[in-house]
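This report describes the architecture, helices, surface and salt bridges of one protein model. Please consult the sequence and the structure shown below while reading.

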Amino acid sequence: MLEAEKTNGIGEEEKAALADLATKTRNGFVKLMRKYKLDALVAGVGPGYIEAQPDLIPFGIFFGGLKGSEPKLIEIAYGFEQATKVRKPPSL
């Protein structure tokens with residue numbers, strides 16, 4: 001934290017990493033989405049739970065899309081949630 005306070009935010013190393021990430025995103029994720037005309041990519045992540053006998057197994061699901069596709073992603077995620085009924089809200 002102290003070292004971070006000594007900077008003005010983003011240095012050359014961070015700028016280079018962001019530029020590299022932007023290039024890889026354009027040449028990977030964006031290219032894939034456009035080539036196959038995909039609305040979303042789905043990946044398993046955590047946390048969450050799915051019922052398996054006799055225990056609950058942690059899991060989660062991620063819906064990713066292109067910039068500006070949030071309304072479509074929400075629609076897809078909501079449809080998945082309603083179709084599967086596997087979501088269990090966390091107990092607080």
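The model is predicted, so local features are reported only at pLDDT of at least 70 and side-chain atom pairs only at pLDDT 80 or more, whereas totals for chains, interfaces and linings use all residues. Residues are numbered from 1 along each chain as its sequence is written, and side-chain values use heavy atoms, with hydrogens and water left out.

**Overall architecture**

The protein has three helices and two strands, and from the N terminus on the order of its elements is α-α-β-β-α. These elements are DSSP runs numbered from the N terminus, with helices being H or I runs of at least four residues and strands being E runs of at least two. Buried residues make up 10% of the 92 residues; buried denotes under 20% relative accessible area, exposed over 50%, and partly exposed the range in between (1.4 Å probe, protein chains only). The protein exposes about 8000 Å², of which carbon and sulfur atoms supply 61%; accessible areas come from the Shrake-Rupley method with a 1.4 Å probe, and for residues only the protein chains shown count as cover. Among contacts (heavy atoms within 4.5 Å) with a separation of 6 or more, 31% join residues 24 or more positions apart.

The expected span is 1.5 Å times one less than the number of residues in the helix. H2 bends by about 40 degrees at Thr-25, the bend being the angle between axes fitted to the seven residues ending there and the seven starting there. Helix H3 (residues 70-84) has 15 residues and reaches 21 Å from its first C-alpha to its last, close to the expected 21 Å.

**Loops**

Lys-37 lies in the loop between helix H2 (12-35) and strand S1 (41-51). What is the phi of Lys-37? The value is near 50 degrees, which is positive although the residue is not glycine. Most residues other than glycine have a negative phi. Lys-37 is exposed because its relative accessible area is 74%. Just after H3, Lys-85 also takes a positive phi, of about 55 degrees.

Lys-67 occupies the loop between strand S2 (56-64) and H3. With 87% relative accessibility, Lys-67 is exposed. The C-alpha atoms of Lys-67 and Val-30 are separated by 9.3 Å, with the two residues 37 apart along the chain.

**Salt bridges**

The structure holds four salt bridges, each defined as a side-chain nitrogen of Lys or Arg within 4 Å of a carboxyl oxygen of Asp or Glu. The following table includes three of these.

| Pair | N to O distance |
|---|---|
| Lys-15 and Glu-12 | 3.8 Å |
| Lys-24 and Asp-20 | 3.1 Å |
| Glu-75 and Lys-72 | 3.8 Å |

Within helix H2, Lys-15 and Glu-12 are three residues apart, about one turn, and Lys-24 and Asp-20 are four residues apart, also about one turn. Because Glu-75 and Lys-72 are three residues apart in helix H3, about one helical turn separates them. Lys-15 is partly exposed at 45% relative accessible area, whereas Glu-12 is exposed at 62%. Lys-24 is exposed at 55%, and Asp-20 is partly exposed at 39%.
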